Amino acid sequence: MLSTGLPTVATLGRRELAARLRGPGLRLQTGPFVTCVRSALPSLADTLASMYADYPVRDGDSFADFDVRLSGSQGLRRPVRPQVHFHYEGMAPFQPLPLAQAFPMFEWAMNWCVSSQAHSWLVIHAAVVEKEGAAAILPAPPGSGKSTLCAAPVARGWRLLSDELTLVRLDDGRIDPLPRPVSLKNGSIDVIRARAPAAELTVPVRDTVKGTVAHMRAPGTSVARALEPAAPAWIVFPKWERDAPAELVPVAQARAHLRLAENAFNYSLLGGAGFETVARLIEATRTVDFRYGALDDAMDVFERLLAQRR
């Protein structure tokens, strides 16, 4: 397990955390990135304190890959219609959201920062989990059950690398972890709460553009290994269907390449490097479609895939 020797959000203490957020910024390390976060919103400070307690914090003069600020409404609008505004390097790339959505907005904006700026990796819209040195990449569109299928094995001891963004190295094809809180939506919130009662979840936020949203805190063991890359072993295209039996169907390499490219944010931008990286990823992995209706069946399939490699 890696140790950065840095203070964490928890060791800072609540008062120092709030002071940094209000003042020079909290330099928060998540995987290979450092983000300078500024905000005077008490609710955001509270949720960061709980969801990011285990994350390293850099000194105030350290380089930050991203500089973000979340602020509340000003003037007459403030008491009538409180909102949260996101600022990135002085710009406001998104419309404001209701103040209750401050933490979901922070998470969505962090995803945007990485997917739009981190071109030293092939960035795939996919969850990724790892066990015994083998990583399963789960690319899928919204509504396919990706986050639920990520949270469930994590609750059973798999390492969380990311629930949303898979960072594939361009030089050796390994995956750099970016473990952050897992975004759960609608019915999956109660599913994971029932399966993992010890997991820490935020209070559900209703009426977001994604429905009701709650975030599950990343396991401390995954955060502690956030600088430890993993080797890809499987690419699993999941699809949840009510009452469907768990079924794996091989996907031809050419078809898998196209589907993976469709799920990559910067495949075209990377040009030949993007093509080569996806081709190498396909060569190194088993590619399958995975239809399932019951999470227990899905977990059994994950364990069988792992057992076949031993």
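Q: How many bridges join strand β8 to β15, and do the two run parallel or antiparallel?
A: Start with the idea: two strands pair if DSSP finds at least two bridges between them. Here 4 bridges join β8 (residues 134-139) to β15, and the strands run parallel. Strands (E, at least two residues) and helices (H or I, at least four) are DSSP runs, numbered from the N terminus. The model is predicted, so local features need pLDDT of at least 70 and side-chain atom pairs count only at pLDDT 80 or more, while totals for chains, interfaces and linings use all residues. Residues are numbered from 1 along each chain as its sequence is written, and side-chain values use heavy atoms, with hydrogens and water left out.

Q: Which residue in β15 is the bridge partner of alanine 134?
A: Alanine 231 is that partner.

Q: Which way does β15 run relative to β17, parallel or antiparallel?
A: Parallel: 7 bridges join β15 to β17 (residues 286-292). Tryptophan 240 stands opposite tyrosine 292 in β17.

Q: How many residues of β15 are buried?
A: Buried means under 20% relative accessible area, exposed means over 50%, and partly exposed lies in between (1.4 Å probe, protein chains only). In β15 (residues 231-240), 7 of the 10 residues are buried, so the strand is mostly covered.

Q: What is arginine 309 in contact with, leaving aside its neighbours within four places in sequence?
A: Contact means heavy atoms within 4.5 Å. Arginine 309 touches Ala134, Ala233 and Trp234. The residue lies in the segment after α12.

Q: Which residues of helix α7 are buried?
A: An α-helix has 3.6 residues a turn, so residues three or four places apart point the same way. In α7 (residues 187-195), the buried residues are Ser188, Ile189 and Ile192. They fall within an arc of 110 degrees seen down the axis, so they line one face of the helix. That arc is taken from the directions from the helix axis to the C-beta atoms. On the other side, Asp190 and Ala194 are exposed.

Q: What covers the buried residues of α7?
A: The cover includes α6 (146-155), β12 (182-185), β14 (211-216) and α12 (295-308).

Q: In what order do the strands of the open sheet lie?
A: The order of its 6 strands is β3-β1-β2-β4-β5-β6, with mixed pairing. At the edges, β3 (57-58) and β6 (97-98) each pair on one side only. Strand β5 (residues 83-88) is joined to β6 by 2 bridges, and these two run antiparallel. Glutamine 83 stands opposite proline 98 in β6.

Q: Which strands does helix α2 touch?
A: Helix α2 (residues 14-22) packs on the sheet, touching β1 (26-30), β2 (33-39) and β3. Its direction makes about 85 degrees with that of β2. Axes are lines fitted to C-alpha atoms, for helices over the stretch in contact, and angles run from 0 to 180 degrees between N-to-C directions. Helix α5 (residues 102-117) also packs on the sheet, touching β1, β2, β4 (66-72), β5 and β6. Its direction makes about 20 degrees with that of β5.

Q: How many disulfides does a search of the whole structure find?
A: The criterion is a pair of cysteine sulfur atoms within 2.5 Å. The search finds 0. For cysteine 36, the nearest cysteine sulfur is that of cysteine 113, 12 Å away. Cysteine 36 is buried, with a relative accessible area of 0%.
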